[in-house]
Amino acid sequence: MKKLLALALTLVLAAALFGCASSTPPAGASASASAPAGGSGSLAAIKAAGTIRIGIFSDDAPFCYQDADGSFKGYDVELGKRVAKELLGDESKITWVTMNPGDRVAYLQSDKVDLMLADFTVTEERAKSVDFTLPYEKVSIGVVSSEKAPINSVDDLKGKTLAVNTGTTADAYFTQNYPDVKLVKVDAITDGYQALTTGRADAFAQDNTLLLSWAKQNPGYVVGIDELGNKDYIAGAVKQGDTELLNYVNDLIEGKLKDEQFFHKIYDTTLKDSFPEQFTADQIVVEGGVTQ
Amino acid sequence: MQNLGIDNILKSFPRLLDGIAVTLKISLIALVLSIILGLILGIAMTSRSKVLLGVLRTFLEAFRLIHPLIWLFVFFFGSANIFHIQIDNVAVSILVFTLWGAFEIGDLVRSFITSLPRSQYESSMALGLSKIQMYIFVLLPQIIARTTPSIVNLATRLIKTTTLVYLIGVPEVLKVSQSIIQVTYLRNPNSYISFTMYLFLLIVYFIICYPLSLFEKYLEKKVLA
């Protein structure tokens with residue numbers, strides 16, 4: 001009786017496990033992260049699946065965000081659509097996979113996305129775990145604070161609290177170089193702004209591009225430090241060893257997209273309105289992967 | 001009025017409904033599966049086999065003491081990294097919450113069975129019922145009556161805890177709301193949308209969970225009466 005029961009139990013557990021794994025339909029295109037049949041990553045597999053899985057943020061306006069109607073928009077999104085159009089002939093054949101900043105490497109490593117286009121800054125550390133494409137955007141760390149108590153240099157941060165998003169370049173920069181700055185680590189980008197506006201943090205450090213556009217929309221806040229640390233580059237990324245897709249995207253950036261000045265064009269349509277007047281496209285855009 | 005962001009909430013209402021549907025779907029499927037599994041586990045936990053008991057006990061403590069969020073990450077990334085199987089994030093959520101619920105219910109069932117007077121087993125034997133007949137006709141009706149209030153309570157906890165699944169990328173109602181808040185701020189920085197949106201969420205969760213809570217109270221009264 002006992003053995004029978006144990007056996008039955010094992011079977012039920014197993015059935016429940018596999019029943020769950022296979023029978024549940026994906027809930028909405030933006031959520032499903034199921035792999036295409038026959039290994040993932042290679043161009044053939046993406047074509048066979050008929051859709052490319054692109055990692056993206058849903059709250060990183062104006063680079064990549066979800067509009068009120070649920071559609072994805074922004075600079076990074078435009079690149080993703082273009083890649084899908086070139087590769088699959090249709091810019092709607094994309095499975096958007098949304099995530100938080102700290103999970104980007106894990107999503108690539110565990111094969112849950114083919115291409116990461118979620119405002120991903122190139123760093124040496126990350127380059128050990130994922131393969132970056134040619135860059136398409138420049139960025140450095142900025143610090144936004146209230147106009148009433150502006151933070152204009154790192155010295156101003158003494159004894160103040162600074163919000164950062166876990167796992168971002170700003171997080172790494174302050175942890176390494178200024179360990180005495182009190183950090184409030186939050187996951188979602190929205191939470192960083194909320195920490196600042198509700199006074200839980202005196203300042204918020206993120207990519208300067210992101211903060212400049214936010215400060216333009218939010219009177220009373222100023223990007224007191226607009227270039228900190230090294231100039232960094234934003235690039236797409238693929239799982240380590242997925243050279244097929246890597247080369248495909250690189251060829252596209254160096255060739256076709258450069259010829260038509262694609263990134264300048266999408267700067268005009270997605271980013272221009274978000275930045276201060278004196279800002280020019282060349283301060284942000286990297287065309288053809290050329291970084292000088 | 002404009003600043004409350006109600007227009008945006010209305011505009012994105014289908015997405016919010018989708019989010020609520022995802023929340024309810026995960027909770028409901030997990031609940032049904034965990035009731036079935038929990039009953040079996042509970043009976044198994046009254047077994048005299050030391051090995052079986054040890055294994056079940058370990059799982060019970062693991063699912064009780066370790067936060068569901070950690071299980072979500074373990075299953076979501078672990079399945080892909082170690083076994084190279086891609087499990088859809090909704091499926092992972094259902095799996096984790098099913099196991100969590102099953103062990104909770106299992107323990108309830110176990111503690112109820114062990115608290116039953118010995119005479120029930122003896123009378124069943126005396127009536128000539130087989131062990132399986134005893135479980136089905138004598139014990140099961142009592143188990144169901146006694147554990148139902150706790151199961152309803154588990155259901156409300158399940159619905160509330162499913163907000164965690166947004167951390168593995170499931171677009172449930174909280175994540176959808178945050179995305180709407182962000183896009184509203186982008187267009188209108190002075191908006192009170194975060195207040196309106198979270199108030200809306202509060203009402204949604206209340207509407208779903210309060211009837212359950214009332215139902216639980218009603219059941220408790222009935223069982224005790």
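The buried residues of helix α6 of chain A pack against α5 (124-127), β7 (130-146), β8 (161-165), β9 (182-186), β10 (203-207) and β11 (221-239) of chain A. These buried residues of α6 (residues 169-177) are A:Thr169, A:Ala170, A:Asp171, A:Tyr173 and A:Phe174, where buried denotes under 20% relative accessible area, exposed over 50% and partly exposed the range in between (1.4 Å probe, protein chains only). The model is predicted, with local features requiring pLDDT of at least 70 and side-chain atom pairs counted only at pLDDT 80 or more, whereas totals for chains, interfaces and linings use all residues. Residues are numbered from 1 along each chain as its sequence is written, chains are lettered from A and ligands numbered from 1 in the order in which they are written, and side-chain values use heavy atoms, with hydrogens and water left out.

Chain A contains 11 helices and 11 strands; helices (H or I, at least four residues) and strands (E, at least two) are DSSP runs numbered from the N terminus. Of its 292 residues, 54% count as buried. Among contacts (heavy atoms within 4.5 Å) with a separation of 6 or more, 70% involve residues 24 or more positions apart. An unreviewed UniProt entry lists residues 51-274 of chain A as "domain: Solute-binding protein family 3/N-terminal"; UniProt positions follow the numbering used here, feature names are shortened, and annotations may be inferred rather than shown by experiment. Over residues 51-274 the chain is 35% helix and 31% strand, with the end C-alpha atoms 31 Å apart.

Helix α8 of chain A is mostly covered, eight of its 10 residues being buried. The buried residues are A:Asn208, A:Thr209, A:Leu210, A:Leu211, A:Leu212, A:Ser213, A:Trp214 and A:Ala215, and their cover includes β2 (59-60), β7, α7, β10 and β11 of chain A. The crossing of α7(A) and α8(A) is right-handed, the term applying if the near helix is turned clockwise from the far one by less than a right angle, and left-handed if anticlockwise. A:Ile189, A:Tyr193, A:Leu196 and A:Thr197 of α7(A) and A:Leu210, A:Leu211 and A:Trp214 of α8(A) make the contact.

A:Cys64 lies in strand β3 (residues 64-66) of chain A and counts as buried because its relative accessibility is 0%. Beyond its neighbours within four places in sequence, A:Cys64 contacts residues including A:Ile56, A:Phe57, A:Lys73, A:Val77 and A:Leu117. The C-alpha atoms of A:Cys64 and A:Glu78, 14 residues apart in sequence, are separated by 8.8 Å.
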